[in-house]
Amino acid sequence: KVDVDFNRIREQFPVLSQQVKGQSLVYLDNAASSQMPSRVADRIDAYHRNEHANVHRGIHTLSQKATDEYELTREKVQQFINAEHKDEIIYTTGTTDSINLVANSFGNRFIEEGDEILLSEIEHHANIVPWQMIAKRKGANIRVIPVDDNGDIIWDEYVDLLNDNTAIVAVGHVSNALGTVHPVKKMITEAHSRDIPVLLDGAQAVPHAPVDVQDLDVDFYAFSAHKMCGPTGFGILYGKKKYLDEMPPYRGGGDMIDKVSFEETTYNVTPHKFEAGTPPIVAGIGFGETISFLNEIGMENIAQYEQELLEYGTEQLQRIDGIRIIGTAKEKASVLSFVHEDIHATDIGTILDQQGIAIRTGHHCAQPTMRRFNVPATARASLSFYNNKEDINRLTEGIRKAISMFE
Ligand code: PMP
């Protein structure tokens with residue numbers, strides 16, 4: 001049993017106590033973006049009111065303080081995901097930015113004509129399109145690991161696809177559309193046995209369970225602050241130093257240089273060579289506060305609580321006639337994607353909104369996943385640790401009401 005009072009924690013999220021369409025809000029769109037606790041909003045507000053200055057460039061006190069606070073987040077992230085070195089933590093604007101950085105920079109240096117980039121069939125577009133762009137530029141090819149009807153990768157096909165031309169494996173740690181948790185540790189071991197590096201898109205994993213990049217032995221790991229109770233416009237790329245040191249800068253500008261002349265420019269060291277220009281300072285400082293908040297609750301506790309909620313939600317949804325859950329993988333995290341045999345997902349979402357219940361409907365930026373499961377769209381309820389069984393009950397009542405309206 002989880003020894004944390006999650007209903008008390010919920011009270012720290014003011015946005016959740018509002019009325020929508022005359023009813024108390026049920027927020028189940030956490031995979032798109034999660035909500036922010038007061039202490040993070042307060043930290044951001046205090047920075048704007050009293051502490052703002054540019055970082056890394058001023059000798060004046062305010063700038064030094066802002067720099068210290070901003071850089072403190074790097075240490076917090078390092079500890080949070082257990083990276084070996086602080087300079088393996090690169091600040092980005094989010095998962096999309098992190099993956100584009102690797103696709104471009106690693107791609108420029110290490111991907112050659114005829115190489116293969118291995119993705120899974122259920123990736124978010126953010127972990128497809130950047131790879132297609134570099135593949136096109138370099139004359140490389142995309143290969144796809146198929147999934148079975150549950151949404152689990154087909155292991156033997158994965159092993160068969162790894163070969164001497166594979167430049168990188170890039171897969172989601174957790175699928176945003178189905179909730180599948182890929183067997184990433186095993187996949188990494190398998191890829192490493194052939195010296196192939198692995199990037200994990202951790203956007204839907206880091207918010208829901210402890211992640212240890214050294215234990216995974218992953219080469220690149222990307223995630224977004226706004227999906228884990230932090231601010232928008234901020235994200236992380238973890239990369240192993242042995243790769244980062246070899247990778248060229250991705251964007252040019254201030255801060256990322258060592259010396260500049262019109263004839264030649266030399267670059268700063270990792271991570272700064274990847275962080276051109278004035279960074280998202282306030283978001284970084286806010287994210288530092290977010291990590292302290294999550295650490296106090298404990299990611300193990302969050303994982304256990306959310307698993308109980310997911311199990312409850314799965315059981316309740318399965319009881320509704322005509323509803324089919326899409327994504328029944330062996331291991332799942334926090335996502336309940338479903339369709340009704342007659343009613344379009346958008347209609348379900350609209351009728352739920354009328355009852356103050358927020359879910360997402362559509363293809364979830366994963367059109368190939370929809371194609372694999374032969375559905376145009378799904379309705380998706382995605383959980384956070386501030387949700388509870390009452391939210392699930394409101395969801396299932398809401399779905400029953402939607403069905404009855406169509407009968
Ligand atoms: N990957 C996955 C699995 C996601 O769920 C998302 C966000 N929906 C992204 C990547 C992109 O994240 P962001 O929009 O924060 O860059």
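Predicted model: local features only at pLDDT ≥ 70, side-chain atom pairs only at ≥ 80, totals over all residues.
Cys-365 sits in the loop that runs between β16 (360–362) and α13 (367–372). Its phi is positive, about 55°, although Cys-365 is not a glycine.

Ser-334 also has a positive phi, near 55°, and is a residue other than glycine. The loop that holds Ser-334 lies between β13 (323–325) and β14 (335–340). Is Ser-334 buried or exposed? Ser-334 is buried, because 28 other C-beta atoms lie within 10 Å and the cut-off for a buried residue is 20 or more.

## A cis peptide bond

The peptide bond that leads from Thr-270 to Pro-271 is cis, and its omega is near 5°. Pro-271 is part of the loop between β12 (265–267) and α10.

## The nonpolar core

The largest nonpolar core contains 111 residues. Within this core, the residues with the most contacts are Val-169, Tyr-221 and Tyr-238. Helix α10 (residues 281–297) supplies the largest share of the core, eight residues. Both domain 1 (6–30 + 298–406) and domain 2 (41–296) contribute to the core, with at least three residues from each.

Val-169 can be looked at on its own. Apart from neighbours within four places in sequence, Val-169 is in contact with Leu-118, Met-187, Ala-191, Ile-196 and Val-198.

## The seven-stranded sheet

Seven strands make up an open sheet with mixed pairing. Their order across the sheet is β4-β10-β9-β8-β7-β5-β6. Strands β4 (89–92) and β6 (141–145) are the edges, each pairing on one side only. From one strand to the next, the twist averages 20°.

Strand β8 (residues 198–201) and strand β9 (residues 220–224) run parallel and are joined by three bridges. Which residue of β9 is the bridge partner of Leu-199? The partner is Phe-220.

## Helices on the sheet

Glu-190 is one of the residues of helix α7. Glu-190 counts as partly exposed, because 17 C-beta neighbours lie inside 10 Å. If residues up to four places away in sequence are not counted, Glu-190 touches Val-159 and Leu-162. Glu-190 and Leu-162 are 28 residues apart in sequence, while their C-alpha atoms are 8.7 Å apart in space.

## Two crossing helices

The angle between the axes and the distance between the axes describe two packed helices. For helix α12 (residues 345–353) and helix α14 (residues 389–406), the axes come within 9 Å and cross at roughly 115°. This crossing of α12 and α14 is right-handed.

Which residues of the two helices meet? From α12 they are Asp-347, Ile-348, Ile-351 and Leu-352. From α14 they are Gly-398, Ile-399, Lys-401, Ala-402 and Met-405.

How values were computed: Residues numbered from 1 in each chain as written. Core = buried A, V, L, I, M, F, W, Y, C linked by C-beta atoms within 7 Å. Buried ≥ 20, exposed ≤ 12 C-beta atoms within 10 Å, placed from the backbone. Helix = DSSP H or I, 4+ residues; strand = E, 2+ residues; numbered from the N terminus. Domains from an automatic or database assignment. Contact = placed C-beta atoms within 7 Å. Pairing = 2+ DSSP bridges. Axes fitted to C-alpha atoms, helices over the stretch in contact; angles between N-to-C directions. Left-handed = near helix turned anticlockwise from the far one by under 90°.
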